[in-house]
Amino acid sequence: MSGGSLRSVPEQHQGWRVCDEAGNGEETVERFRRIRPDVIVLDFEMPEMNGLDAARVIARLSPETPILMVKLYSSKQLFKEARKVGIRGTCAKTDINCVVDAVGALLREETYFPN
């Protein structure tokens, strides 16, 4: 749903479709309320409300919706916080294979937390 250049990644995968995109965390939450996608890809670095805060709100609204959070640089602390708020996967947004693998795992109702 958010992440700008990330849109092309799922669009290239057969059977996947990007249903919407948002420019900031608040917009992501508002669009989620209308669309209810199968999986959400959030960029941690978003204006107005970061990805962690947006995920926290979405997880309260719909705990069954899998959320993947991507970040330029990840850390163990971020992974720990992500799990606490209900995010089911994290990876570096620069690693296209990681994003594809993670979305696939979340759609199979698995989690994805590399290293």
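Trp 16 sits in the loop that joins helix H1 (8–11) to helix H2 (25–35). The model described here is predicted. In this model Trp 16 is buried, because its relative accessible area is 19% and the limit for that class is under 20%. Val 103 is 87 residues away from Trp 16 along the sequence. In space, the two C-alpha atoms are 9.7 Å apart.

Asp 20 pairs with Arg 31, and the closest N and O atoms are 2.7 Å apart. Asp 20 belongs to the loop, whereas Arg 31 belongs to helix H2. Eleven residues separate the two, and the pair links distant parts of the chain. Asp 20 counts as buried, with a relative accessibility of 14%. Arg 31 counts as buried as well, at 19%.

The strands come next. Three of them form an open sheet, in the order S1-S2-S3. Their pairing is parallel. In general, strands of a sheet pair through backbone hydrogen bonds, in either a parallel or an antiparallel way. Strand S1 (40–43) and strand S3 (89–92) are the edge strands, and each of them pairs on one side only. Neighbouring strands of the sheet are turned against each other by 25 degrees on average, direction ignored. Strand S2 covers residues 67–71. S2 and S3 pair in the parallel sense over four bridges. Lys 71 stands opposite Ala 92, a residue of S3.

Lys 93 forms a salt bridge with Asp 43, with 2.7 Å between the closest N and O atoms.

Arg 56 pairs with Asp 53, and their closest N and O atoms are 2.6 Å apart. Both residues are in helix H3 (residues 51–61). They are separated by about one helical turn, because they are three residues apart in that helix. Arg 56 is partly exposed, with a relative accessibility of 29%. Asp 53 is partly exposed too, at 32%. In total, the count comes to nine salt bridges, among them the pairs Asp 20 with Arg 31, Lys 93 with Asp 43 and Arg 56 with Asp 53.

The cysteines were examined for disulfides. A disulfide is a covalent bond between the sulfur atoms of two cysteines. The structure holds zero disulfides. For Cys 98, the closest cysteine sulfur belongs to Cys 91, at 3.0 Å. That distance is too far for a bond, because the two sulfur atoms of a disulfide must be within 2.5 Å. Cys 98 counts as buried, with a relative accessibility of 6%. Cys 19 counts as partly exposed, at 32%.

Two loop residues have a positive backbone phi angle. Arg 36 has a phi of about 55 degrees, although it is not a glycine. Arg 36 lies in the loop between H2 and S1. This residue is partly exposed, with a relative accessible area of 42%. Glu 48 has a positive phi of about 70 degrees, and it is not a glycine either. Glu 48 is found in the loop between S1 and H3. Glu 48 counts as exposed, because its relative accessible area is 59% and the exposed class begins over 50%.

Definitions and conventions. Residues are numbered from 1 along each chain as its sequence is written. This is a predicted model: local features need pLDDT of at least 70, side-chain atom pairs count only at pLDDT 80 or more; totals for chains, interfaces and linings use all residues. Side-chain values use heavy atoms; hydrogens and water are left out. Two strands pair if DSSP finds at least two bridges between them. Axes are lines fitted to C-alpha atoms, for helices over the stretch in contact, and angles run from 0 to 180 degrees between N-to-C directions. Buried means under 20% relative accessible area, exposed over 50%, partly exposed in between (1.4 Å probe, protein chains only). A salt bridge is a side-chain nitrogen of Lys or Arg within 4 Å of a carboxyl oxygen of Asp or Glu.
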